[in-house]
Amino acid sequence: MTEDTREPSTAPLSGLFEAERSAEIVVASFGDTTDARLQEVLTSLVRHTHAFVKEVGLTAEEWAAGIRFLTETGHTCDDTRQEFILLSDVLGVSMLVDAVNHPADGRLTESTVEGPFHLLDSPPRALGDTIEEAGLPGEPCLVTGRVVDTDGRPVAGAGIDVWQADAEGFYDVQRPGEVPERNLRGLFTADDDGRFWFRTIVPRHYPVPTDGPVGGLLKATGRHAYRAAHIHVEVSAPDIRTLTTHLFVDGSAYLDSDAVFGVKESLVRTFAQVDDPARAAGHGLPNPFRHVDFPVTVRRGAQP
């Protein structure tokens, strides 16, 4: 077969498909888009997707398998489960989006992903209350902290929304009928000095759901499904940028291989054992107990 030595066409693009100029042809179809940001995102998406297909030499069978995988991912989503977010999580995209939107500057408490188990109607609780209402086994724990801005001024009345897994690695929504609704959840209001404190139990590491297509992807790639033990913390106030973060348990398994890449070194804290009967009694805890302090620094100003 004679080699085709013709120069690539420099004629104006038309809708006629050419593999060599596939991305440019598709991008040109967005020329009348009035939303500039939509046009920018779609243009970049098409260019990168077409480059990916060409780089790996994607076969028709692989393309079809990918379509089936995405279809199954959509079918797995319901009112309490978002498999697409899980897919984004295990590919590191969720953490990257968070990092792009919340760059670390050395002063602010670092953010991380919200995760799939957050509920908007966390129960309001008084400072010092326990968020564990089911009498579940686990090491009793006191969590303390203080919310300040980058100038060290307290954020009085900040909302502190917390939620976590239990000592066996389950959230309340995973044990319906076994534990009270909203167990191991609480919405606290910081005092005038920005301080907050509550009682709980030390959480355990746990696996992300593996009974769907994302679980199959993890298995196929030889990856485990576990998240390091943590307490979710979301801090909000009218004049600050809401912070969504985690308080990781030092010494937990999977800190260096969290399934959703959510661990940041600054968020790993020691849950120290305290043997002090008087202090335990003062907080309504058995002795001994674990204690962790989690100071939080946030940025004042409007939401982005």
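Cys77 is partly exposed, with a relative accessible area of 23% (buried is under 20%, exposed over 50% and partly exposed in between, using a 1.4 Å probe and protein chains only). Cys141, by contrast, is buried at 0%. The model is predicted: local features need pLDDT of at least 70, side-chain atom pairs count only at pLDDT 80 or more, and totals for chains, interfaces and linings use all residues. Residues are numbered from 1 along each chain as its sequence is written, and side-chain values use heavy atoms, with hydrogens and water left out.

**Cysteines**
- The disulfide count is zero, where a disulfide is a pair of cysteine sulfur atoms within 2.5 Å.
- A disulfide is a covalent bond between the sulfur atoms of two cysteines.

**H3 against H4**
- Helix H3 spans residues 60–76 and helix H4 spans residues 83–90 (helices are DSSP runs of H or I with at least four residues, strands are E runs with at least two, and numbering starts from the N terminus).
- The axes of H3 and H4 come within 7 Å and cross at roughly 125°; axes are lines fitted to C-alpha atoms, for helices over the stretch in contact, and angles run from 0 to 180 degrees between N-to-C directions.
- H3 and H4 are therefore oblique to each other (under 35 degrees is roughly parallel, over 145 roughly antiparallel, 65 to 115 roughly perpendicular, and the rest oblique).
- On the H3 side, Phe69, Leu70, Thr73, Gly74 and Thr76 make the contact; on the H4 side, Glu83, Phe84 and Leu87 do (contact means heavy atoms within 4.5 Å).
- The residues of this contact are four nonpolar, three polar and one charged (Ala, Val, Leu, Ile, Met, Phe, Trp, Tyr, Cys and Pro are nonpolar, Asp, Glu, Lys and Arg charged, and the others, Gly among them, polar).

**H3 against H6**
- H3 and H6 pack at about 135°, with their axes 8 Å apart.
- That angle makes H3 oblique to H6.
- H3 brings Phe69, Glu72, Thr73 and Thr76 to the contact, and H6 brings Pro213, Val214 and Leu217.
- Four nonpolar residues, two polar and one charged make up the contact of H3 with H6.

- Glu83, Leu86, Leu87, Asp89 and Val90 are the buried residues of H4.
- They lie on the same side of H4, because they cover an arc of only 160° around the axis (the arc is that of the directions from the helix axis to the C-beta atoms).
- An α-helix has 3.6 residues a turn, so residues three or four places apart point the same way.
- The cover over the buried residues of H4 includes H3, helix H5 (93–101) and H6.
- Helix H6 covers residues 213–220, and its Pro213, Val214, Gly215 and Leu218 are buried.
- H3 and H4 are among the elements that cover the buried residues of H6.
- Gly222 follows H6 and has a positive phi, near 70°.

**Thr43**
- Thr43 sits in helix H2, residues 36–56.
- Its relative accessibility is 18%, so Thr43 counts as buried.
- Leaving out residues up to four places away in sequence, Thr43 touches Val27 and Phe30.

**His102**
- His102 lies in the loop between H5 and strand S1 (140–149).
- His102 is partly exposed, at 30% relative accessible area.
- With residues up to four places away in sequence not counted, His102 touches Ser111 and Arg241.
- Glu133 is 31 residues from His102 along the chain, and their C-alpha atoms are separated by 34 Å.
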